[in-house]
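Here is a short note for a colleague opening this structure for the first time. Please keep the sequence and the 3D view side by side while reading.

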Amino acid sequence: MKVLLPFLLLLFNCFYSLGQNQLLRSYTQEELDFLKKNKVSDYEILAYAVDNGLEFGEYNEVKHSNLNHVSNDVSIKEASFLDFNFKIENQNQYYYWKEQDKIIMVKSYWVLNHERNRKL
């Protein structure tokens with residue numbers, strides 16, 4: 001048992017660091033430190049958003065012509081909000097992804113929190 005506990009703590013620390021390193025693609029260290037200290041639930045939502053922060057829809061030129069265009073060669077199955085340097089905000093964000101001819105919806109804090117709580 002004495003050997004298992006330090007091993008588990010080390011393993012947890014590795015996963016925690018990996019998640020934080022991913023978030024550094026869109027957030028500064030100062031932003032992440034602030035969230036960890038003052039808004040822990042928002043930080044946890046960001047960690048959840050790495051794998052769940054995007055939804056995709058069909059592009060319609062008439063309805064979506066005014067959206068900002070983004071570009072990235074990542075596959076749609078592997079895409080994360082971090083691949084586009086998006087930040088999670090208080091409202092959903094919408095973009096046109098040229099390579100995939102899709103609409104990207106970046107989910108808001110509220111949507112992500114609601115989803116995460118339903119899964120728990």
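Contact here means heavy atoms within 4.5 Å.

1. **Ground rules.** This is a predicted model, in which local features need pLDDT of at least 70, side-chain atom pairs count only at pLDDT 80 or more, and totals for chains, interfaces and linings use all residues. Residues are numbered from 1 along each chain as its sequence is written, and side-chain values use heavy atoms, with hydrogens and water left out.

2. **Confidence.** pLDDT is the predictor's confidence in each residue, from 0 to 100. The protein chain averages 88. A score of at least 70 is reached by 83% of the residues. Residues 5–18 are another matter: pLDDT stays under 50 there. For that stretch the model has two contacts beyond four places in sequence. Where pLDDT is low, the predicted coordinates should not be read in detail.

3. **Overall layout.** Helices (H or I, at least four residues) and strands (E, at least two) are DSSP runs, numbered from the N terminus. The protein chain has five helices and four strands. Their order from the N terminus is α-α-α-β-α-β-β-β-α. Take the contacts between residues at least 6 apart in sequence: 58% of them join residues at least 24 apart. Buried means under 20% relative accessible area, exposed over 50%, and partly exposed in between (1.4 Å probe, protein chains only). Of the 120 residues in the protein chain, 37% are buried.

4. **The sheet.** Two strands pair if DSSP finds at least two bridges between them. The four strands form an open sheet in the order β1-β4-β3-β2, with mixed pairing. Its edge strands are β1 (54–58) and β2, each pairing on one side only. From one strand to the next, the twist averages 40°. Axes for such angles are lines fitted to C-alpha atoms, for helices over the stretch in contact, and angles run from 0 to 180 degrees between N-to-C directions.

5. **Strand β4.** How many of the residues of β4 are buried? Five of the five are, so β4 is largely enclosed by the rest of the structure. Both of its faces are covered. Lys102, Ile104 and Val106 are buried on one side, Ile103 and Met105 on the other. In a regular strand the side chains alternate between the two faces of the sheet. β4 pairs with β1 in the antiparallel sense, over five bridges. Across that pairing, Gly57 stands opposite Ile103, and Phe56 has Ile104 as its bridge partner.

6. **Strand β3 and its partners.** β3 (residues 93–97) has four of its five residues buried, so it too is largely enclosed by the rest of the structure. With β4 (residues 102–106), β3 pairs in the antiparallel sense over five bridges. Gln93 stands opposite Val106 in β4. The two strands form a hairpin with four residues between them. In the turn, Asp101 has a positive phi of about 50°. With β2 (residues 68–70), β3 pairs in the parallel sense over three bridges. There, His69 has Tyr96 in β3 as its bridge partner.

7. **Helices α2 and α3.** The axes of α2 (residues 29–38) and α3 (residues 40–52) come within 5 Å and cross at roughly 125°. The two helices are therefore oblique to each other. Angles under 35 degrees count as roughly parallel, over 145 as roughly antiparallel, 65 to 115 as roughly perpendicular and the rest as oblique. Leu32, Leu35, Lys36 and Asn38 in α2 meet Val40, Asp42, Tyr43 and Leu46 in α3.

8. **Ser26.** Ser26 is found in the loop between α1 (4–23) and α2. At 10% relative accessibility, Ser26 counts as buried. Beyond neighbours within four places in sequence, Ser26 is in contact with Glu31, Phe81, Leu82, Asn85, Phe86 and Lys87.

9. **Glu115.** Is Glu115 buried or exposed? Glu115 is buried, with a relative accessible area of 16%. Its place is in helix α5 (residues 109–119). Leaving aside neighbours within four places in sequence, Glu115 is in contact with Tyr48, Asn52, Glu55 and Lys107.
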